[in-house]
Amino acid sequence: MPETGSSDLLFWNALALIVAASIFVPVFVKIKFGAVLGYLVAGITVNLFFSGGFSEHPEELLHFSEFGVVLFLFVIGLELNPATLWDMRKDIFGLGAAQVIFSALVIGLLAYLIGVHWIGSVVIGSGMALSSTAIVMSQLSEKGERRTLHGRKTFGILLFQDIAIVPLLLIVTLLAPTGEDVTLVESLIDIGLAVAAIVALILIGYYVLDHIFRLLASTGLHEIMTASALGLVIAAALLMDMVGMSNAMGAFLAGVMLSESSYRHEVKANIEPFRGLFLGLFFMAVGLALNLRVVMENWLLIITIAPGVMLLKILLLYVISRFFKHDHNTSIRLSFALPQLGEFGFVLFSAAAAVGIFSGNMSSILIAIVSVTMMLSPVPLLFQNWFINKELQDVLDETFEDTRGNVLIIGFGRFGQMVSQPLFADGYDVTILDNDARRIREARGFGFKVNFGDGTRRDILRAAGADTSEVVIFCTNNPEVTNRSIRALQAINPQAKIFVRSYNRRHSIDLHDMNVTFSVRETFESALILGKQVLIELGVSEEQASDYIEDIRLRDLERLQEQAEGDMESGMHKVLRKPVTPD
């Protein structure tokens, strides 16, 4: 056997984690328990296999893997642009804030009444007020309920919980028993440094980052964009850490700084693989850091408290939802979706143990309770329909019909700009994607919000929302690029309605074979309109000219269908080559 701490042993340890994750994560995803629990169970299994001796210092692995949480908060910040926050302000800062505060107070008070110190009670109440974003959003997506009324309300609550983790981590730091006396002057200096660091991040984001990413994008090297995105997260996290604040706070602020940037979709897509890997490593590290002896000694307490907390949260969520005047069915669906404790409970309780608020035993018990509630997450949904008022069902369903699906435009040259006008006229919120830095800069000068990204990449399309978009419009002028983009879209969202600018007739045939919803050749309609006006100027009536144009459209469509079934020579008899002899 290799010596402990040798590079060989590190490779064996890494292999053990990868094998365990590869086994458990797909299984847990398949049985609808989610990848988070799969990673957690993988870590616990490795811990059991090594009899709790996988690592001499598992807390060091846990601390290293917290980079996944840092990246997660960065991604959350990317999605929190001012417009989104404003549209969802009542759900986020009203319903969401009330849920977190009220639940934290009630659960924290119960913890205090059973003998937990008040500082520990604050942390327990705050951690147990949070739900699992990963599990809940997966469940809503699987059931097709993300755009329903209760789906939007649920997302608003989760969004506030995601925001709340930043100040909650700060509270844990402030409540930590440091054992040192700090003078008022020292406190004011620390606060001043923290404020200065935050202001510096905001100013850098507003005045510098877009220029840097524009320069990097002009190189055409994806790996440089990826490295710069990771560098931004690390630099922001280190800056916050240097002034005594949470590095997660720095990552969150860095994300918010880029939320209005044209390059946020590109940055998000480049960060996602690292976020997923490190977050998975974090959950496995939680399982590795569990004190299995403590869990076994307190198993009865754990399996008693876990369902009790879930039932209490269901009742609290229902009361809060009704207080905000939501109907009975919406309140039931919302409360039964959010009773489990969340992955941020791991973060909060681990952080509290690291700074001395909890003992290692208490942290292990709390993390085990979080894990059990996440495992039980699908159970409440099995009983949800028992409490639904069937008489209100039809009325509620009708309120969902006026919700509009997302529209995504890929390519924002002259053609894409004109396509966007009718959509903006009817009030649609259109996401625009282009990979030309110069064109984006020009468009922004005219007031258009254009995002930088390569539409042929599935990760970029997902980051831009293509996997949930109802309509995607391709306005790119390169047939090969357009076709690759369409195939990438169809792989992640086969239900999307696809509208395409075709480059030429051969490209139109390719698009016909790809079963797009509608395509038009870039010069076809403009040529027909010009030809119609020429006829009118030559003395042909407008009605007769319109008839000619409609006949030509029909001939062209029939010829295109024949070419799709045959070859490019098919349907040539449909083309007019000499004056048509009047009947």
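A search of the whole structure, which is a predicted model, finds six aromatic pairs. One of these is formed by F323 and F324, whose ring centres lie 5.8 Å apart with 75° between the planes, an edge-to-face arrangement. F323 is exposed, with a relative accessible area of 67%. F324 is partly exposed, at 30%. Another pair consists of F336 and F387: the ring centres are 5.5 Å apart and the planes stand at 35°, so the pair is classed as tilted. The class follows because planes under 30 degrees apart count as stacked and those over 60 as edge-to-face, the rest being tilted. F336 belongs to helix α17 (residues 328-337), whereas F387 sits in the loop between α20 (378-383) and α21 (390-398); the pair therefore ties together parts that are 51 residues apart in sequence. F336 has a relative accessible area of 8% and is buried, while F387, at 43%, is partly exposed. These assignments follow because buried means under 20% and exposed over 50%, with partly exposed in between.

Strand β1 comprises residues 407-410 and is covered on both faces. V407 and I409 are buried on one side, and L408 and I410 are buried on the other. In a regular strand the side chains alternate between the two faces of the sheet. β1 runs parallel to strand β2 (residues 430-434), to which four bridges join it. Within this pairing, L408 is placed opposite T431 of β2. Together with helix α22 (residues 414-425), β1 and β2 make a right-handed β-α-β unit. β1 is also joined to β4 by four bridges, and these two strands run parallel. Here I409 has I473 of β4 as its bridge partner.

Strand β4 (471-474) is also among the elements that cover the buried residues of helix α25, and these elements include α24 (458-463), β5 (497-502) and α26 (505-513) as well. Helix α25 spans residues 479-492, 14 residues in total. From its first C-alpha to its last it reaches 20 Å, close to the 20 Å expected at 1.5 Å a residue. At the start of α25, a side-chain oxygen of N478 comes to within 3.0 Å of the backbone nitrogen of E480. The buried residues of α25 are T482, N483, S485, I486, A488, L489 and I492. An α-helix has 3.6 residues a turn, so residues three or four places apart point the same way.

Methods: Residues are numbered from 1 along each chain as its sequence is written. This is a predicted model: local features need pLDDT of at least 70, side-chain atom pairs count only at pLDDT 80 or more; totals for chains, interfaces and linings use all residues. Side-chain values use heavy atoms; hydrogens and water are left out. The expected span of a helix is 1.5 Å times one less than its number of residues. Buried means under 20% relative accessible area, exposed over 50%, partly exposed in between (1.4 Å probe, protein chains only). Contact means heavy atoms within 4.5 Å. A polar contact is a pair of N or O atoms within 3.5 Å; within protein, one must be able to donate a hydrogen and the other to accept it, and residues adjacent in sequence count only if both atoms are side-chain atoms. Two strands pair if DSSP finds at least two bridges between them. A crossover is right-handed if, with the strands pointing away from the viewer, the path from the first strand over the helix to the second runs clockwise. Rings of Phe, Tyr and Trp (its six-membered ring) pair if their centres lie within 6.5 Å; planes under 30 degrees apart count as stacked, over 60 as edge-to-face and the rest as tilted.
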